[in-house]
Amino acid sequence: MFYPKWLSSCLLVAGLAVALADAAAAAPAGPEGAADLAKAITAGLGEWFPAHGIRGQAAPRLTWQGDLIVEPKDEAYRVTLPKMALIFEGEQRVDFGDVAVMVTPNPDATYGIAGELPATIHFLDNDGGENATLSLARRDFTAVWQPENQLLRSFKGNFEDVRLASTHDKAGGHIGSIDAQSSQTASTEQVGRWDGPASITVHDIGLVDEAGRPILHLDDVTLQKTIRGLDALRALDFSRALRVQAAASGTDPAGAAHLVEPLRGMFRDTEIKLDVAGVTANNPQDGMTVRVSHVGYQTAVEGFDQEQARMSLALDVHGLGVDPNPLGIDFLPHDAALRLSAEHLPMTGFWGALSTYLKSAPAAPAAKKRSKIAVPDSDAEDDATDDQAPEPSDDSVRSAAFVAAITGAASDAATSLQLANLTIEAPAVGANLSGQATVKADAANGGVADFNLTLRGLDAIVKSFGAPPQPAAGATSPDGKTPRGKMPKASKPADERQSLIGVVGLIETLGQLDKDSEGREVRRYRIQYTADGKAMLNGGDLAPLLGLGRH
């Protein structure tokens, strides 16, 4: 399958503009400026995308070969890049062909970039044979680069009728359109920092298998990212340190500590939103179809460069449907939601602990020479060490120290995990969980927790599994396939059903009977983990309640 390769190649092709722009600090258009620009771009490509890749760099890696051509054209330069290729594991490759862009010096010391991706991109095997092609009807992009602080001030790309086709079978994919854009403006709150949104919207995505059968279709996908307080120079330092570490190929484990300083203050806040609408997934083997009306995902970090930070996560799923339905129409969840946050995260303590952990990493051991001395009898060696406790490894000691430092910092900051709600809804059953857990050094087990759980429809589950296996004639769901309100029992042995009934019955007994806002019967559970180490359920000690005893 070529889909992951295509996605990876699109991401790295976008990086070409960054490599080009990184070097685009040349004189105004003219023969002398063209020579300076060619020299600068070649140096930039050599730094960010070495012609033969970075030693130790994991695939995929971007490589290039051939000459760079820069030609003055009116007030701009026409730049033809060397031939680019994306190399995957097994030396499979994606050839991009010729990529030409126009680079225009602007009066404000920025540079405008405009160009097109190749109309056809070729996927080749390790023998040079073609595996697939990617074609684009519209493929233009523009950007503005600011060399002073190595910042991509804006980007806009429009791609239409994107088609991926295998040369060996009918596998492939199609995208109606892709609209990508981003911008950065000077922060009004922090001098020298930048704020800006970025987004990519993809419409009408379809994939087919090797026989040409539809396996996935998405109506729309929108990804949005907003960053505030970006330190562009720290981001550049981090990228360079990352490349140095990759080039070390694992020979300098402590070198990763150099990544901490540029990373810790790189930005203040960031937010990512993903919306997916109209999902249809088909399994041609068993004929099952899964549909989802909407999936929404959102995550945010506030105060990344501060002493304490906050992280949040939200997930929503609406309109889930499965055909044929394995659980029955009353028991298959149709909606789900999650709201989760971590408060008072000790960023200062975290960065300090991480830096100490990385700096204490031992050097990579030298390769051992093969010994010609006879190996001692293994039984004798075992006898000599049977009574000796194994010494803790350096890694385990370092890891324990790191965890202890993080735990201590979290306790000092009163770090907590806040679950606003976790909700799962089906016609006959439902669940909702909310509460919080807080790190506390003086607690018996390092923290306390208090959660509330509400379950609906436990009686319906018991009745369904306890009912006769076959429903009455005509007692079917609206689709005419699955018995309404009946869990599947044909694949459940009688003893397994009875075990499940017993477990559900016990859970039902432990809950407090109540009504929800719609008057439906529910069971409520308050679950607490106290400072003295007790696990409590609805105010009672859970251990003796279940006959488990205390340890």
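This is a predicted model: local features need pLDDT of at least 70, side-chain atom pairs count only at pLDDT 80 or more; totals for chains, interfaces and linings use all residues.
The protein chain contains 10 helices and 26 strands. Of its 551 residues, 38% are buried. Among contacts in the chain with a separation of 6 or more, 59% join residues 24 or more positions apart. The accessible surface of the chain comes to about 29800 Å², and carbon and sulfur atoms supply 58% of that area.

Helix α5, spanning residues 347-359, packs with helix α7, spanning residues 394-413, at an angle of about 170°, and their axes lie 9 Å apart. The two helices are therefore roughly antiparallel, as angles over 145 degrees fall into that class. On the α5 side, the residues that meet α7 are G349, F350, A353, L354, Y357 and L358. Their counterparts in α7 are R398, S399, F402, A405, I406 and A409.

Attention now turns to strand β13, which covers residues 194-208. W194 is found in this strand and has a relative accessible area of 10%, so W194 counts as buried; the cut-off for this class is under 20%. The C-alpha atoms of W194 and A232 are 7.5 Å apart in space, although the two residues are 38 positions apart in sequence.

I200 also belongs to strand β13. With a relative accessibility of 31%, I200 is classed as partly exposed.

Methods:
Residues are numbered from 1 along each chain as its sequence is written. Side-chain values use heavy atoms; hydrogens and water are left out. Helices (H or I, at least four residues) and strands (E, at least two) are DSSP runs, numbered from the N terminus. Buried means under 20% relative accessible area, exposed over 50%, partly exposed in between (1.4 Å probe, protein chains only). Axes are lines fitted to C-alpha atoms, for helices over the stretch in contact, and angles run from 0 to 180 degrees between N-to-C directions. Angles under 35 degrees count as roughly parallel, over 145 as roughly antiparallel, 65 to 115 as roughly perpendicular and the rest as oblique. Contact means heavy atoms within 4.5 Å. Accessible areas come from the Shrake-Rupley method with a 1.4 Å probe; for residues, only the protein chains shown count as cover.
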